[in-house]
Amino acid sequence: MANKLTDMSKIRKVIKFHCKGKSNLFISKYLSLSRNTVKKYISLFKVSGYSLDYIAEKSDAELEAIFVGNTAEKVNPKLEKLYSYFPQMERELKNVGATVQQQWELYFFCKP
């Protein structure tokens with residue numbers, strides 16, 4: 001299941017194994033996580049600058065704020081305008097003879 005929230009105890013174990021020098025492949029197999037998930041949490045740990053002891057003493061809620069709260073990215077306002085146009089474009093593309101090229105030209109003409 002995509003974007004499923006990982007249990008905080010598994011995140012603690014990922015960081016603990018990483019600090020002990022275990023490979024990402026070993027960690028992913030041992031904890032039944034994907035390698036990309038393991039890499040994600042290891043990179044967030046490195047970026048955070050916290051030590052293993054600091055992570056170990058934090059509660060699950062505090063760990064969630066550190067590792068899950070940082071992943072939200074702000075969307076560019078120009079992209080938001082483009083994304084808001086997509087539902088209308090999808091409806092238009094269902095019509096016979098409508099093409100993506102036509103929709104792009106219409107969008108570009110209306111909102112240069």
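This report covers the helices of the chain, their packing and some of their residues.

## Model and overall fold

The model is predicted: local features need pLDDT of at least 70, side-chain atom pairs count only at pLDDT 80 or more, and totals for chains, interfaces and linings use all residues. Residues are numbered from 1 along each chain as its sequence is written, and side-chain values use heavy atoms, with hydrogens and water left out.

The chain has 7 helices and 0 strands. Helices (H or I, at least four residues) and strands (E, at least two) are DSSP runs, numbered from the N terminus. Along the sequence the pattern reads α-α-α-α-α-α-α. The chain has 112 residues, of which 21% are buried. Buried means under 20% relative accessible area, exposed over 50%, and partly exposed in between (1.4 Å probe, protein chains only). Contact means heavy atoms within 4.5 Å. Of the contacts between residues at least 6 apart in sequence, 45% join residues at least 24 apart.

## Helices α1 and α2

Helix α1 spans residues 8–19 and helix α2 residues 24–31. Their axes come within 10 Å and cross at roughly 150 degrees. That makes α1 roughly antiparallel to α2. Axes are lines fitted to C-alpha atoms, for helices over the stretch in contact, and angles run from 0 to 180 degrees between N-to-C directions. Angles under 35 degrees count as roughly parallel, over 145 as roughly antiparallel, 65 to 115 as roughly perpendicular and the rest as oblique. The crossing is right-handed, with the near helix turned clockwise from the far one by less than a right angle.

From α1, Lys10, Lys13, Val14, Phe17 and His18 make the contact; from α2, Phe26, Ile27, Tyr30 and Leu31. These residues divide into 6 nonpolar, 1 polar and 2 charged. Ala, Val, Leu, Ile, Met, Phe, Trp, Tyr, Cys and Pro count as nonpolar, Asp, Glu, Lys and Arg as charged, and the others, Gly among them, as polar.

## The largest nonpolar core

The largest nonpolar core has 17 residues. Such a core is a set of buried Ala, Val, Leu, Ile, Met, Phe, Trp, Tyr and Cys residues joined through side-chain atoms within 4.5 Å. Val14, Ile27 and Phe67 have the most contacts inside it. At least two residues of this core come from each of α1, α2, α3 (35–48) and α5 (60–67).

Ile27 touches Val14, Phe17, His18, Lys22, Val38 and Ile42, leaving aside neighbours within four places in sequence. Ser28 is also found in helix α2. Ser28 is buried, at a relative accessible area of 6%. Not counting residues up to four places away in sequence, Ser28 touches Leu33, Ser34, Arg35 and Val38.

## Helices α6 and α7

Helix α6 (residues 77–93) packs on α7 at about 140 degrees, with the axes 11 Å apart. The two helices are therefore oblique to each other. Their crossing is right-handed. Leu82, Tyr85, Met89, Glu92 and Leu93 in α6 meet Val100, Gln103, Leu106 and Tyr107 in α7. The contact residues divide into 7 nonpolar, 1 polar and 1 charged.

Gln103 lies in α7, which covers residues 100–110. Gln103 is buried, with a relative accessible area of 6%. Beyond four places in sequence, Gln103 touches Tyr85, Met89, Glu92 and Leu93.

## After α7

Lys111 sits in the segment after α7. Lys111 is partly exposed, at a relative accessible area of 42%. Lys111 and Leu82 are 29 residues apart in sequence and 9.4 Å apart in space, C-alpha to C-alpha.
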